[in-house]
Amino acid sequence: LGWWGAASTVANGQLLLSGGVAGGTGPTSSVTNEGHAYDPVAGEWHALPNAPAPFYRGAVACGVYRVGGARQYFEATATAQELPGYDICGPSGDVPWLSESDTAFTLRPGQSKTVTLKLDAGTASTVDQPGDYSAALAVRVDGPVQPAPLQVSMHIDPPKRWGRVGGTVSGADCTGSVAPLSRAKVTVQTKRSTTSLWTDEAGNWSLWVDKRDSPVTLIYSQDGFSGLTKRVKVRSGSTVSTDVVLRAAAC
């Protein structure tokens, strides 16, 4: 079809194209305001609402937000426009602990249907820690305006014999100044497993462990700092806090 110079983005699980030049590069080509979407699940294209004005070589972001572009030749514009209804911008895919009784169905005008959701931590290998889990269930309809995602949450209480180990990892420079270390690696070794995790921006970390796997070896490391190893015992239903300070290796 000879369509080029369109702005593209991904939203609601579809590839969205807007504007561009239709008709190739010959004398019959023209800048267009058309929009099209490709649904990879259905393997089909469908039309999007037209942009208010023709443009090409502009920018588009999930939302959908269109910024800039040229109307003809290289006469750039400073406009920004929005096409609502395409605001599911995050990665899509199956949530291992969430399933639905129906994944696709057709409703006639005036009809309704109840969809049952099942939350199951026991069958999800990615759910191996107590705590709060959240997901967004996308509801897609055959039309340009999509409903807001349904927010789903799941809470898991720790088993009675489990305890938590955690703490803060800080770093000391050569002047003795101490500050929390983000992205410091903490390796937790038990009798049956080895788990690696990283501290947050405040240097904090935590992990629930079965008391039967105690004692636990904690190995702390960060680039530019000397490593440190500790051994702690896990107590059922309580938290063992281990705050450590890593020394700069260059001192």
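Which residues is tryptophan 205 in contact with, leaving aside its neighbours within four places in sequence? In this predicted model, local features need pLDDT of at least 70 and side-chain atom pairs count only at pLDDT 80 or more, while totals for chains, interfaces and linings use all residues. Residues are numbered from 1 along each chain as its sequence is written, and side-chain values use heavy atoms, with hydrogens and water left out.

Tryptophan 205 turns out to be in contact with Val165, Gly166, Gly167, Thr168, Val169, Val186, Val188, Leu197, Thr199, Leu218, Tyr220 and Thr242 (contact means heavy atoms within 4.5 Å). Trp205 also belongs to the largest nonpolar core, a set of 18 residues in which Val165, Val169, Trp205 and Tyr220 touch the most other members. Such a core is a set of buried Ala, Val, Leu, Ile, Met, Phe, Trp, Tyr and Cys residues joined through side-chain atoms within 4.5 Å; buried means under 20% relative accessible area, exposed over 50%, and partly exposed in between, with a 1.4 Å probe and protein chains only. Two or more residues each come from strand 14 (162–172), strand 16 (185–189), strand 18 (204–210), strand 19 (216–221) and strand 22 (244–247). Another core lies apart from this one, with 11 residues, among them Ala7, Ala11, Phe55 and Tyr86.

On to the chain overall: it has zero helices and 22 strands (DSSP runs numbered from the N terminus, helices being H or I of at least four residues and strands E of at least two). Its radius of gyration is 27 Å, well over the 18 Å that the globule rule gives for 251 residues, so the chain is more spread out than a compact globule. That radius is taken over C-alpha atoms, and the rule is 2.2 Å times the number of residues to the power 0.38. Along the principal axes, the C-alpha trace spans about 75 × 55 × 25 Å. Buried residues account for 33% of the 251.

Alanine 135 sits in strand 12 and, at 11% relative accessibility, counts as buried. Leaving aside neighbours within four places in sequence, alanine 135 is in contact with Val95, Trp97, Leu150, Gln151 and Val152. Leucine 150 is 15 residues from alanine 135 in sequence, with 8.4 Å between their C-alpha atoms. Valine 141, by contrast, is found in the loop between strand 12 (131–137) and strand 13 (150–156) and is partly exposed, at 42% relative accessible area.
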